Amino acid sequence: MNKITSAALSLLMIASCTMLSADTGTDKRIDQLEMQLQAIQKEITALKKTPKNNNPVQAPAKDTIKVSGYIQNFLTVDNRSDRADHVKADSFRIRRAYITFDGSIGSTDWRLQIDPARDLKYNNTTLEMDQSSRMLMEAWAALPVADGWKLTLGQQKVPFGYEALMSSSKVETTERSMMTLKGIDMQYELGAYLNKSGKDGSIGIGVVNGSGQNTMDNNDVKDMAVRLVSTPGKAWSIGTSGYMGWKNTDRSPDNRLAAELQYKDKDWTLRSEIYEARRGDGIAKAEPCGFYALAAKRINPAWEVVTRWDQYDPNRWAASDNINEYTLGVNHYMKDNMLWQMNFVHSNPAIGMKTDMLINNLQISF
């Protein structure tokens with residue numbers, strides 16, 4: 001083979017190898033482009049499914065405000081009287097007109113609740129406005145802390161007792177028990193609160209002024225309340241509450257204990273609470289105590305019957321001042337936001353006093 005022929009064959013072999021190498025690189029490049037194209041098509045499909053935001057200044061989804069409330073219209077046929085037989089007048093009454101604003105800013109919850117139906121009252125002792133009669137009920141912000149705990153700052157219900165913490169729109173009777181209204185007699189306080197809830201129970205701790213609703217403290221010592229609740233079963237709850245306080249500038253003691261037991265399912269509500277306290281020193285010392293037992297039965301989704309026995313003693317060391325009260329009532333749940341209640345109340349305090357009363361309540365929620 002001559003040199004020319006050998007050179008030609010060499011060039012042909014080099015060209016073939018070059019073309020084969022080029023074809024292999026092109027295939028790899030094509031595969032890469034196809035993979036990129038598939039990724040772009042997936043991204044386009046996902047963007048088409050995403051809802052359009054026509055308001056670029058829209059607040060974050062967690063920042064919300066909810067407005068709710070209820071109105072309770074009472075008609076009371078009152079046969080109660082004092083020893084002079086001064087019978088109280090029958091009357092229509094707006095018992096409550098709650099407006100509640102609930103909201104959240106990020107992970108922080110807040111609430112503002114007012115009751116415009118409240119009558120402003122004067123304190124007969126100080127001749128000043130009774131701050132607890134003002135319309136501001138709750139005003140607080142709750143911040144999450146470690147391990148499921150929440151820290152609440154502001155004014156809210158003191159963690160003490162069961163019925164006292166219930167919304168008045170959820171109480172089975174038209175009014176709470178005497179033990180709660182006359183004995184515990186503390187619903188809202190300014191302070192700091194810690195609480196944690198779970199499937200097995202809850203714990204609530206409050207460090208408060210102890211001077212009453214909408215009121216600054218009148219001494220340097222803060223009161224403390226603790227409530228522990230165990231839920232051993234789906235329908236059962238058992239709880240205990242304690243309160244240690246010092247009232248007024250003389251720091252007279254105000255210590256209280258309570259225990260609660262409840263069974264509640266779709267048909268029955270059975271609940272009882274017991275309470276005792278020690279207030280004041282010396283001649284002003286008083287030890288109020290009381291209890292109630294309640295049974296409510298749902299006949300059907302629209303009707304419920306309820307009965308309750310209350311006993312309250314303003315001071316166990318004083319004679320003949322204890323009160324027994326018996327309530328028999330019926331509740332009609334007309335719609336999701338309407339409730340009609342009728343209670344007949346009979347009590348036997350001091351001898352010679354009439355104590356029968358019929359209370360109707362029409363409640364409308366929104």
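**Entry 1: burial and overall build**

I looked up burial first: buried residues make up 33% of the 366 residues in the protein. Buried means under 20% relative accessible area, exposed means over 50%, and partly exposed lies in between, with a 1.4 Å probe and protein chains only. I note that this is a predicted model, where local features need pLDDT of at least 70, side-chain atom pairs count only at pLDDT 80 or more, and totals for chains, interfaces and linings use all residues. Residues are numbered from 1 along each chain as its sequence is written, and side-chain values use heavy atoms, with hydrogens and water left out.

I then took the secondary structure, which comes to two helices and 16 strands. These are DSSP runs numbered from the N terminus: helices are H or I with at least four residues, strands are E with at least two.

I checked contacts, meaning heavy atoms within 4.5 Å. Among those between residues at least 6 apart in sequence, 49% join residues at least 24 apart.

The accessible surface comes to about 22,400 Å². Carbon and sulfur atoms hold 61% of that surface. These areas come from the Shrake-Rupley method with a 1.4 Å probe; for residues, only the protein chains shown count as cover.

**Entry 2: nonpolar patch**

Ile-65, Val-67, Ile-71, Ile-94 and Phe-366 make one of about 480 Å². Patch residues have over 30% relative accessible area and no salt bridge; like charges are joined within 9 Å, and nonpolar side chains (Val, Leu, Ile, Met, Phe, Trp, Tyr) within 5 Å. Which strand gives the most to this patch? Strand E1 (residues 64–78) does, with three residues. I found Phe-366 in the segment after strand E16 (356–365).

I followed the pairing from E2 onward. Two strands pair if DSSP finds at least two bridges between them. Strand E2 (residues 91–105) and strand E3 (residues 108–114) run antiparallel, joined by seven bridges. Ile-99 has Ile-114 in E3 as its bridge partner. The hairpin of E2 and E3 has two residues between the strands, and Gly-106 takes a positive phi near 65° there.

E3 also pairs with strand E4 (residues 136–144). How many bridges join E3 to E4? Six do, and the strands run antiparallel. Asp-109 has Ala-142 in E4 as its bridge partner.

**Entry 3: salt bridges**

I counted salt bridges next. A salt bridge is a side-chain nitrogen of Lys or Arg within 4 Å of a carboxyl oxygen of Asp or Glu. The count comes to 19.

Asp-223 bridges to Lys-247, with the closest N and O atoms 3.5 Å apart. Asp-223 lies in strand E8 (residues 223–230) and Lys-247 in strand E9 (residues 236–247), so the pair ties together parts that are 24 residues apart in sequence. Both Asp-223 and Lys-247 are buried.

Glu-287 bridges to Arg-316, again with the closest N and O atoms 3.5 Å apart. Glu-287 lies in the loop between strand E11 (268–279) and strand E12 (289–300), and Arg-316 in the loop between strand E13 (303–313) and strand E14 (323–335), so this pair ties together parts that are 29 residues apart in sequence. Glu-287 counts as buried because its relative accessibility is 13%. Arg-316 counts as partly exposed at 36%.

I also noted Arg-298 with Glu-304, where the closest N and O atoms are 4.0 Å apart. Arg-298 is partly exposed at 24% relative accessible area. Glu-304 is buried at 5%. Salt bridges that share partners join Asp-223, Lys-247, Asp-254, Arg-256 and Arg-279 into one network.

**Entry 4: aromatic pairs**

I finished with the rings. Rings of Phe, Tyr and Trp (its six-membered ring) pair if their centres lie within 6.5 Å; planes under 30 degrees apart count as stacked, over 60 as edge-to-face and the rest as tilted. I got four aromatic pairs by this rule.

The rings of Phe-160 and Tyr-275 have centres 6.5 Å apart and planes at 85°, so the pair is edge-to-face. Phe-160 lies in the loop between strand E5 (150–157) and helix H2 (178–184) and Tyr-275 in strand E11, so the pair ties together parts that are 115 residues apart in sequence. Both Phe-160 and Tyr-275 are buried.

Phe-291 and Trp-309 have ring centres 4.9 Å apart and planes at 85°, so they too are edge-to-face. Phe-291 is partly exposed at 21% relative accessible area. Trp-309 counts as partly exposed at 36% relative accessibility.
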